[in-house]
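Hello,

Here is the structure I said I would pass on. Please open it first, then read the notes below.

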Amino acid sequence: MALMNKASIDQFGFLIHDAARLLRKSFETRMQEHGLSSAQWRLLVRAVREENATQARLADLLEIEPISVSRLIDRMEQAGWVKRCAHESDRRTNRIIPTEKSMAAYSTIKAVAADVFEMAMTGLDDDHRQTLVSALAIVVENMSSDEPQAAADAAEFQAS
């Protein structure tokens, strides 16, 4: 296995950070046109993908404090994006259910993401695209030992 030199390590860190920042910035700008804040679309995507996630699970996934998630859910529930339902076995816990409005927006979010990723991949042929996605999936899997969902997502990308 080849060792990376100090310049390569620095470059890798900056490139990963800058790529993620620029992708997120482009996506957030495009989503504002659809009336969703960054926090809203992130919660909406997680609520749809997680299927009946608890507020605590969403806070974990979004890496924000539970009280912040609760307030965000309050606003999104009032706007018709999600609804709270009591947990089947623990009445103190709520599950967050996306509404039809969220499901329709999720399709838009996926389309916007596809456009942003296509823009990011401009100039890369199919082989380079596949190599990049596979390599990033390996990085995520390597770094996700304590985050089973991220590891599962990375494994799914590698399999496809």
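Is Ser26 buried or exposed, and why? Ser26 has a relative accessible area of 18%. Buried means under 20%, so Ser26 counts as buried. Keep in mind that this is a predicted model.

Now for the setting of Ser26. The residue lies in helix α1, which spans residues 6-32. Ser26 is in contact with Val116 and Met119, leaving aside its neighbours within four places in sequence.

Next, the aromatic rings. A search of the whole structure finds one aromatic pair. Phe27 and Trp41 form that pair, and its geometry is edge-to-face. The ring centres are 4.4 Å apart, with 75 degrees between the planes. The pair links distant parts of the chain: Phe27 is in helix α1 and Trp41 is in helix α2 (residues 38-50), 14 residues apart. Both Phe27 and Trp41 are buried.

Then the core. The largest nonpolar core has 25 residues. Phe27 turns up again here: along with Leu43, Leu44 and Ile109, it has the most contacts inside this core. Two or more core residues come from each of α1, α2, α3 (55-62), α4 (66-78) and α5 (100-120). Helix α5 gives the largest share, six residues.

Leu44 deserves a look on screen. Not counting residues up to four places away in sequence, Leu44 touches Met76, Trp81, Ser102, Ala105, Tyr106 and Ile109.

Last, a charge and a ring. The charged end of Lys101 sits over the ring of Trp81, 4.4 Å from the ring centre. Trp81 is also one of the residues that Leu44 touches.

Best wishes

Technical notes
Residues are numbered from 1 along each chain as its sequence is written. This is a predicted model: local features need pLDDT of at least 70, side-chain atom pairs count only at pLDDT 80 or more; totals for chains, interfaces and linings use all residues. Side-chain values use heavy atoms; hydrogens and water are left out. Helices (H or I, at least four residues) and strands (E, at least two) are DSSP runs, numbered from the N terminus. Buried means under 20% relative accessible area, exposed over 50%, partly exposed in between (1.4 Å probe, protein chains only). Contact means heavy atoms within 4.5 Å. Rings of Phe, Tyr and Trp (its six-membered ring) pair if their centres lie within 6.5 Å; planes under 30 degrees apart count as stacked, over 60 as edge-to-face and the rest as tilted. A charge sits over a ring if NZ of Lys or CZ of Arg is within 6 Å of the ring centre and within 35 degrees of the ring normal. A nonpolar core is a set of buried Ala, Val, Leu, Ile, Met, Phe, Trp, Tyr and Cys residues joined through side-chain atoms within 4.5 Å.
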